[in-house]
Amino acid sequence: TEENPKAEKDTAETVRLTVSAAVSLTDALEEIKTNYEKNTDVELIFNLGGSGSLAQQIQQGAPVDVFISANQDWMDTLDEQDLILKSTREDITGNKLVLIAGSSSNLNYRLVNDISADDIKQISIGNPESVPVGKYSEQVLKNLKMWNDLENKLILGKNVRQVLTYVETGNVDIGFVYESDALSSENIKILTTVEDGLHEPIIYPAAVLTDTKHEKESTEFVTYIASEEAQKVLAKYGFKK
Amino acid sequence: MLDVNYSPLWLSLKTATIATVIVFILGMFLARLLARNSFFGKSVIEAIILLPLVLPPTVVGFGLLYLFGKNGFLGRLLLDLFEFQVVFSWYAVIIAAVVVSFPLMYQSASAAFKQFDENIENAAYTMGASKWKVFRTISFPLAWPGLLAGLVLSFARALGEFGATLMLAGYIPNVTDTIPLAIYFAVESGNMEMAKFWVLIIVSLGFTAILWLN
Amino acid sequence: MLDVNYSPLWLSLKTATIATVIVFILGMFLARLLARNSFFGKSVIEAIILLPLVLPPTVVGFGLLYLFGKNGFLGRLLLDLFEFQVVFSWYAVIIAAVVVSFPLMYQSASAAFKQFDENIENAAYTMGASKWKVFRTISFPLAWPGLLAGLVLSFARALGEFGATLMLAGYIPNVTDTIPLAIYFAVESGNMEMAKFWVLIIVSLGFTAILWLN
Amino acid sequence: MLKVDIKKSLPHFELTADFIVEQDEIVALFGPSGSGKTTILNCIAGITKATSGSIQLNNHILFNKRKKNVPIQQRRIAYLFQDYALFPHMTVWKNIMYGMKNEQFAKKLLTELKIEHLTEQFPNEISGGEKQRVAIARALATEPDLLLLDEPFSALDDATRDTSHDELLRLHKLWKIPIILVTHNHAEAEKLSDRILYINEGIIHN
Amino acid sequence: MLKVDIKKSLPHFELTADFIVEQDEIVALFGPSGSGKTTILNCIAGITKATSGSIQLNNHILFNKRKKNVPIQQRRIAYLFQDYALFPHMTVWKNIMYGMKNEQFAKKLLTELKIEHLTEQFPNEISGGEKQRVAIARALATEPDLLLLDEPFSALDDATRDTSHDELLRLHKLWKIPIILVTHNHAEAEKLSDRILYINEGIIHN
Ligand SMILES: Nc1ncnc2c1ncn2[C@@H]1O[C@H](COP(=O)(O)OP(=O)(O)OP(=O)(O)O)[C@@H](O)[C@H]1O
Ligand SMILES: Nc1ncnc2c1ncn2[C@@H]1O[C@H](COP(=O)(O)OP(=O)(O)OP(=O)(O)O)[C@@H](O)[C@H]1O
Ligand code: MOO
Ligand SMILES: [Mg+2]
Ligand SMILES: [Mg+2]
């Protein structure tokens, strides 16, 4: 059965890989882990958190083998400090930005352009200074010249989940979140998916860290995430390149 | 030079002070009331008071959001009665600070009132002093070391409150951006200069408060 | 039915208990040492002790990461001496819990030791009791209400510690995933059932601890 | 006039107190250590509750079996505690002024009791006998309807005791209130009191 | 043998104590309230520090001007505090056994002092005179090199006081240690002591 080969695997030399990954990937990675561990001698340990915190931990020498960031900036930072193996860096998936409202809301915007300052009391986005999703949201609103109208209605969240909670509980009228997060909630509806051209592409890069003791296995895992089998799983949770 | 908006400083000072005053008064009287009685259910009350301490502040904030939010029981009540929305307001900052620092004050005060000789109070009563006078002139000063400890802890906790505040009050520049929020976002966005600046400020505030209280 | 991994329960219990024991002993002795002395610099020490309370836990975690990280002073010391890396280990969870709950214990204990009649200690000394015996049999029991308050607060705080833990210890299943972290990630991934389950567990733990201590 | 008729169960015997103190009378309560003297005063002052019976002062019922129990602060009874119970955080002067209306009278009391030089000191900064005199002054200062004194002069030397005696007698003449005085000193009891109640193991023998 | 030769500044006068107590002597310290009796005992026991001078017990220097100051717990001096300082969280029995080696002796003391029925009660559950006897027992129980008694019998009735006197004299015969007894009662001083030191405003007149 399932248990026995695994027990054998432990006695054979199982390699443990610590993967620091953006927290939004949690559910998708759990499924990928199950698939991956079935066919390899590798045990995956996920350290989940905001990309910023994860990068800071790595800078301070946390024993991590693979880093999956929710944006390019933090990966670039580590790159500049030679903390990642450049050759292993790969964009493994992406996400889309969506505009959401509570499931019982009577707003039915078709386009981001439809948002009118008169309809809404409050709008929530991630904090552009620190949360990637907030930065993208700001780009959208600025590109559409709506930022000035809406600025005094903004509630800034520390992460996507907080934006989602505000919308779910009806405390704000609308918010911008990732599609993957929107799919995980039953209490909201997606009003529209934001056009790609309105913000920088949302890319999740992965890379093996310079300090790893298991370069081979780590590189194999990064390659695996880019493979079709893993991409299918990611797509199921709303992640598309 | 850093380009600093000082709003967090005033906001933090104001909210922490108000929250501490509320917590101090409520915590002290509740503790006095319960200190020398023991009844069934007292432990339950004490456990509920302690709850915000065992939960991560974000979860506390989550709970408060459910309570004070648009669809929450208290939120709707306030909205219906006063057309007042707590969430995302300055009051939300105070509520969050009060809830998280209350257990510290209550526990300290409760211990303080258990730790002095009751007979001194009786002596004051024989001199015709009212309950309030005895509390003010006898019980309060005799329990002062413990009450002071609670005050210091509450003020520090209120000043440093972050998770619940962020959840209930949101991060709205000039309205709900306390120093801890400013620190958090500075750190998260990698603006270490700004983070250090605010850490220094909050540390000096803590220092001043302690020196002044001692 | 929920498919629950119970590791956070044991981990939280274990780390909160160990951290509380450490904090209780250290906090009590430090408070006793400083309680009835006043010297220049005492307020400074007390302010430093209080620091983790005024800072958002994440920032405390950040500071600890700098201290215990590969390039940090203590981190390098431990690495050189014992080839031991603290970050991401079980010890990091304990360190985080100790640091954030220490101020609660210290303040409570400090007040407790100020609030009883010194002459009782002198009486014990005249009977030939050593300093340690007097502490154990006189000062300790007389200060007990305040010490207990500190113990309860510290345990609750250690149990609920989240921000600093996440930063210093990471979220590593079966190694550093305490209940507060489990709650956070359950919420993050929209798994409200799981979140509620863990909130219930942690609340019952807090309850049990209080009932048992009273 | 004070009328006491109470019973109270104590660990080693039952206390039975049934006596009257007239308006202008000083009654001494005299008996061995542990016989129940302090307990009687505590019941009258309202600090302990008697098991049964009644206590009446000037036609006001302070306590009776129908669960009436006037709170301490409304009894208008001054009480010198055997262990003084001074307020440790107040100076001697503040201790005395606590229940006091009349500053002039307080100053006079301090002089008569020879403690006027101690007004600014705290209770833990004065001697045992000085504490006792502060407690006497504090009790007298309230100008009560009834005065309970639990061994008020036990820590005083003969000379100080004599002047304190005189002061008590002077005030009693002035106020004409009932006074109960607990003492172990038979000479003192005879000198100060109009009547001595002998108590032993909780039983009073007139 | 105890040799005391100290000075100490007090708020209202300077205390000067220069006297010797021989090995088998009981010395009474007799003087008005506030004259410095307790302060002398506190200096000998090590609870207060004298301003200058020296204290010597059986050839051990306990205190001298060259800043030597033996800690309280090493002085082997039993001290009955004027306010008893009983341990409020311990029963009478535990109070007495605190510094005690010999259970048999403790039981005997309790019987002699007529408090054997109180062993399981706490200090706040016994009468004033009972507290005093517990404090006497506790001080005697340590079998010290020197015994300091600060008004040990002031709260006792005559009968109880007499038996307590007898017990003290009996133990003194047995142990032959110096004893200093503070009292306001001249008859008591004469009965118990070999010599009386008269003190007034800090000055001792032999
Ligand atoms: N709080 C209490 N709980 C239980 N027993 C008590 C309490 N207070 C006093 N007693 C007991 O009641 C009896 C009477 O005590 P009380 O204090 O009235 O004596 P007293 O006559 O004032 O003696 P003394 O002259 O020694 O002060 C004693 O046996 C004492 O042990
Ligand atoms: N801690 C203190 N601080 C300042 N003054 C004190 C302190 N203790 C005692 N005194 C003063 O020192 C003097 C002597 O006090 P002491 O206690 O030695 O008197 P005593 O002879 O024991 O009197 P009593 O018979 O009333 O107990 C008194 O004037 C008293 O007010
Ligand atoms: O996963 Mo993130 O870094 O919170 O967008
Ligand atoms: Mg009595
Ligand atoms: Mg004295």
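My notes cover a ligand site first and a chain interface after that.

**Ligand 2**

I kept in mind that this is a predicted model. I looked up where ligand 2 sits and found it between chains D and E.

Next I went through some polar backbone atoms. On the chain E side, an oxygen atom of the ligand is 2.7 Å from one in E:K37, and an oxygen atom is 2.8 Å from one in E:G34. On the chain D side, a ligand nitrogen atom is 3.4 Å from one in D:N124. The protein covers 85% of the 640 Å² of accessible area that ligand 2 has on its own.

**Chains B and C**

I turned to this pair and found 47 residues of chain B in contact with 46 residues of chain C. Together they bury about 3,800 Å², with 79% of it on carbon and sulfur atoms. In chain B, the residues that lose the most area to chain C are B:V54, B:Q115 and B:L153, together 17% of what that side buries.

How many salt bridges are there between chain B and chain C? I got zero. Polar contact did turn up, in four residue pairs across the interface. Among the elements on the chain B side, α7(B) gives the most, with eleven residues. By class, I listed that side as 36 nonpolar, eight polar and three charged residues.

Key
Residues are numbered from 1 along each chain as its sequence is written. Chains are lettered from A and ligands numbered from 1 in the order in which they are written. This is a predicted model: local features need pLDDT of at least 70, side-chain atom pairs count only at pLDDT 80 or more; totals for chains, interfaces and linings use all residues. Side-chain values use heavy atoms; hydrogens and water are left out. A residue is near a molecule or strand if one of its heavy atoms lies within 4 Å of it. A polar contact is a pair of N or O atoms within 3.5 Å; within protein, one must be able to donate a hydrogen and the other to accept it, and residues adjacent in sequence count only if both atoms are side-chain atoms. Accessible areas come from the Shrake-Rupley method with a 1.4 Å probe; for residues, only the protein chains shown count as cover. Contact means heavy atoms within 4.5 Å. Buried area is the accessible area (1.4 Å probe) that two parts lose on being put together, summed over both. A salt bridge is a side-chain nitrogen of Lys or Arg within 4 Å of a carboxyl oxygen of Asp or Glu. Helices (H or I, at least four residues) and strands (E, at least two) are DSSP runs, numbered from the N terminus. Ala, Val, Leu, Ile, Met, Phe, Trp, Tyr, Cys and Pro count as nonpolar, Asp, Glu, Lys and Arg as charged, and the others, Gly among them, as polar.
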